[in-house]
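Please read the following note with the sequence and the model open side by side. The points are numbered so that each can be checked in turn.

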Amino acid sequence: MTSLQSEIEQRGKRIFELVDKYPESLFSKAGFYQRLMTLSMRDEQLKLQLFRFVAVLPSLHTSDEIIEHLQEYFADGHESRKVAQFLGVGIRLAGIAPWISGPILRWNVSEMARQFIAGRNPIDVMRTLRKRQAQNIGFTVDLLGEAVVSETEADEYAARYLDLLEGLARETKNWTDALENNSELFPVVNLSVKISALYSQISPDDPAETIAHLAPKLRPLLRRARELGAFINFDMESYAHKNSTLELFKTVFTEEEFKDWPHAGIVIQAYLRDSDADLRDLIEWGRARGTRFAVRLVKGAYWDYETTKSRQNGWDCPVYLQKPESDANFEMLTRLLLENESIVTSAFGSHNVRSIAHAQALAEQLGIDRSRFEFQLLYGMAGPIKRALVEMGYRVREYCPVGELLPGMSYLVRRLLENTSNEGFLRAKFSENAPAKELLRDPREILRRSRNGVLPPPNATINMTTTIPKTQLGAHYENAPLTNFALPENQEKMRAALREQRNQFGRKVPLTINGEKIWTDKMFSSVNPSQPDQIVGYAAEAGIPEAERAVAAARAAFEKWGRTSFEERCQLLERAAEILERRRFELSALEVFEVGKPWAEADGDIREAIDFCTFYARQMRLIGRPRLTQNVPGEESYQHYWPRGVALVIAPWNFPMAILCGMVSAALVTGNTVIMKPSEQSVIIGAMLMEIYEEAGVPPGVLNFLNGKGSVIGAHMVDHKDVDLIAFTGSREVGLWIWESAGKTREGQRELKRVICEMGGKNAMIVDSDADLDEAIVDSIYSAFGFQGQKCSALSRLIVLEENYDRVMERLLGAAASVRVGNPEEPGIMVGPVIDEAAYRRILDYIEVGKNEATLAYQSTDLPPHGYFIPPTIFTGLKPNMQIACEEIFGPVLSVIKVRDLDEAIEVANGIDYALTGGFFSRSPANIERIKAQLEAGNVYINRPCTGAIVGRHPFGGFKMSGSGTKAGGKDYLLNFLIPRVVTENVARHGLAPEKTPEYRDEFLWPKH
């Protein structure tokens, strides 16, 4: 055992001895809270339901609502008995006297919140702080409710921070530090600030803009804090905000006014894999600045969020996955801080006695006086540990949240999760009474034993996706990861790609027919909708002769391609996916210029194209081999699929790579030959897909590329006798014409035409009376105005129950006024230009209709001077049958409809011609189940945006006038491109038959290769 480990154990045992002098359960408040925590630690599923119920409770306004939700959350008989154990007579009273049990439940949860929330307001919190002062415990105060959705709310928080600072300074002006030595390093007044509370439009991909916006808001607060002799600490939140927070801290405190001020600090989260690099960078910055600063070292409070988000997006997980890894890193960072004590003041934020004892022992070893650092612990937790540290002569500060119950619920639930975590120190010590020797083990030794002696390198990352190829049979399908624009290297790659694409403005692209590059006498231009005088590129325009050549080439190529092994076709798609990935930033940048997509939207489109290639290759492998229909003695009967023939793919401009690539890839992998016609507005992107497939090795004639007017070449090919299948995504008007025209049999036609028709939507989202408005408002704004509302899935009708209407509208209008509108070449933009002048005029006409029919509640006025920019617009006072409430607008226009109750909401949502996407925000399990059963939409989204379908995860497509019921990115989508065929053979000879017939056999191919 090392001398340091021996010292850690001695100090840890001393802390435990002092803790045991003042025995206390994990849950310092008895009664309801203690029963709740004890029960939740026994049953993970029940814990989830309990915490969800606790989270929704403050938004319920009547006793009847409380009891209804209680019964919905714990409908299961077994769970109900468990809940009854901790609620006592609560449930039994519900049926008899809800006016009694409802208030009792609300009071109990309010009291539980007070376990962790130091006060409702600055006056209230002072009672708590005075008690702590008498116990020689300092404070840092934080305002709860950091989920701001508008700049109005952000400005209110800035004012509240300033008021809180003034109040704390006034009430504590005669207070002194608990330790006399080095008190100049630790001002009495200590305020913790979350930057997300000060700006509603923080974008991880644009830290410069974040800093430019936040610095002016912070300066008055910092200036006043300095005048009052207070300390300001920047809290750290999710990983997406980490880099912006660090850069903001370094930028502001390098300014002339603040560079010599030592009373500023920032948080480092030890569960982050790159925390070592961040801390070293901060220390280097601090030495260059020449003034002391502080670091609060914590483990981190967003582990569940970070791991879930990483899995969803296919990212390397930024946090350590095992608690001993975070503990070991905490100790390494502790050493780094203490070794640089000359420039940085350390605050160790942990309840783990091992971590605390390690900091004490290491400081002693390095000769650092105990008065030159402090320990910080959360209000309402680990009281005995705080008392022990004070008795040992260390400086202790309590992190004290201040706020009302409703905005404080997310903080409360995080604390509940922390207290009941299987790996939590407090649970192990105070609830499970683990022995001191076990609690003081070296985390590195724990890791060595779990990994056969192997430790990960300090900054190692881990990809949480599977290593099995996503197209391999039996593998769990994994989508391509989104680009994480919070990472500076990805921001720079995107900027470089934008510069390169701008240099290629004016390029010319030909038609491709039978592998030949064809130029015509006519060229048409594709312009940048943000600056229409900029021509992104020119494309050769096809006419009827070129359309005839393309159909003939595809028909001729079909004979061989249709009889090519499905494995060869699958590999073609996989090679295309690899090229798409390699050219990802280039293609995303092109979309920014040609169709006005913001960074993340453009990247998402390329990601979806990659997914279509890999997913359809995987699905084709699953259905490619003939499969036995039934195992019958003496007979072999196999069903398999043949391609339909020549496919005409007509794609829109709004998802210019994803939808085009999806339909083309589905047609190719199933053995059809293809004529692809991209939209005139996104023809350069279409030409890039042709390039990609040529590089991937598509044979001549199998894929042909035509640019031209849909009314000319599109109409001609739809009616062509040799076109067997039409895959269309676009407007209702054109889709219905194709559906009708394809139903007519032409002279010489050999097949009934198959039409895959995906059209528009007039999508509704319903906001229930108990909805989480922090989520509902943010997701509604994004669904309505993201990419200028130019998605067939975009939110067009927001249906709000009247009980919630005023609260929803107040926050919705403020959020809309805060949305960033501008050129999507800049990161962080939500609303860019609409696609062209025709769309611009049409949407403005609809807005005029809305002004005559309804009430214009909001319309943005801050627009760029050039380009096809439509202001985000919100109408209220609508009746469901009004024109703007029924017709697809395809722009940033939102209609808000007030309804009496959920019955009327469903009636309004379903009462139109479309059925594409729909959404619902609620925390009522019963209402959620009802929406799942009754909302008429091809894709129903609960408590999330109604846009952003992911291949394989959310097969996409609607019915009614939204489409023919197909599901792009779904397991059965490829069947639309295929003809089923059954081959039956009598294999019995003179009564003898094989005992067993294989379930699968090789393809029916001739001649065999």
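**Notes on the predicted model**

1. Serine 59 is buried in this predicted model, with a relative accessible area of 9% (buried means under 20% relative accessible area, exposed over 50%, and partly exposed in between, with a 1.4 Å probe and protein chains only). Serine 59 sits in the loop between α3 (44-56) and α4 (63-73); helices (H or I, at least four residues) and strands (E, at least two) are DSSP runs numbered from the N terminus. The C-alpha atoms of serine 59 and leucine 773 are separated by 9.7 Å, although the two residues are 714 apart along the chain.

2. Residues are numbered from 1 along each chain as its sequence is written, and side-chain values use heavy atoms, with hydrogens and water left out. As the model is predicted, local features need pLDDT of at least 70 and side-chain atom pairs count only at pLDDT 80 or more, while totals for chains, interfaces and linings use all residues.

3. The mean pLDDT (the predictor's confidence in each residue, from 0 to 100) is 90 for the chain, and 89% of the residues reach 70 or more. Residues 88-99 have a pLDDT below 50, and this stretch has 16 contacts beyond near neighbours in sequence (a contact means heavy atoms within 4.5 Å). Residues 458-469 also have a pLDDT below 50, with 28 contacts beyond near neighbours in sequence.

4. Side chains of opposite charge can pair when their charged atoms come close. A salt bridge is counted where a side-chain nitrogen of Lys or Arg is within 4 Å of a carboxyl oxygen of Asp or Glu. The model has 65 salt bridges by this rule.

5. Glutamate 574 and arginine 621 form a salt bridge, with 2.5 Å from N to O. Glutamate 574 belongs to helix α23 (residues 566-582) and arginine 621 to helix α25 (residues 599-623), so the pair ties together parts that are 47 residues apart in sequence. Glutamate 574 is buried at 17% relative accessibility, and arginine 621 is buried at 13%.

6. Where in the chain are the partners arginine 583 and glutamate 691? Their closest N and O atoms are 3.3 Å apart in a salt bridge. Arginine 583 is in the loop between α23 and α24 (584-595), and glutamate 691 is in helix α27 (residues 683-696), 108 residues apart. Arginine 583 is buried, with a relative accessible area of 11%, whereas glutamate 691 is partly exposed at 37%.

7. In the salt bridge between aspartate 719 and arginine 746, the closest N and O atoms are 2.9 Å apart. Aspartate 719 lies in the loop between α28 (710-718) and β21 (725-729), and arginine 746 in the loop between α29 (732-742) and β22 (754-758), so the pair ties together parts that are 27 residues apart in sequence. Aspartate 719 is partly exposed at 27%, and arginine 746 is partly exposed at 26%. Elsewhere, salt bridges that share partners join Asp142, Lys194, Asp235 and Arg296 into one network.

8. The second largest pocket holds about 1,100 Å³ of space. On a 1 Å grid over the protein atoms alone, a pocket is an open set of points where a 1.4 Å probe fits, with protein on both sides within 12 Å along at least five of seven lines; lining residues have an atom within 4 Å of a point. Grid points are joined across faces, edges and corners, and the volume is the space filled by probe spheres set on the points. Among the 38 lining residues, Trp653, Phe728, Gly730, Ser731 and Val734 are the closest to the centre of this pocket.
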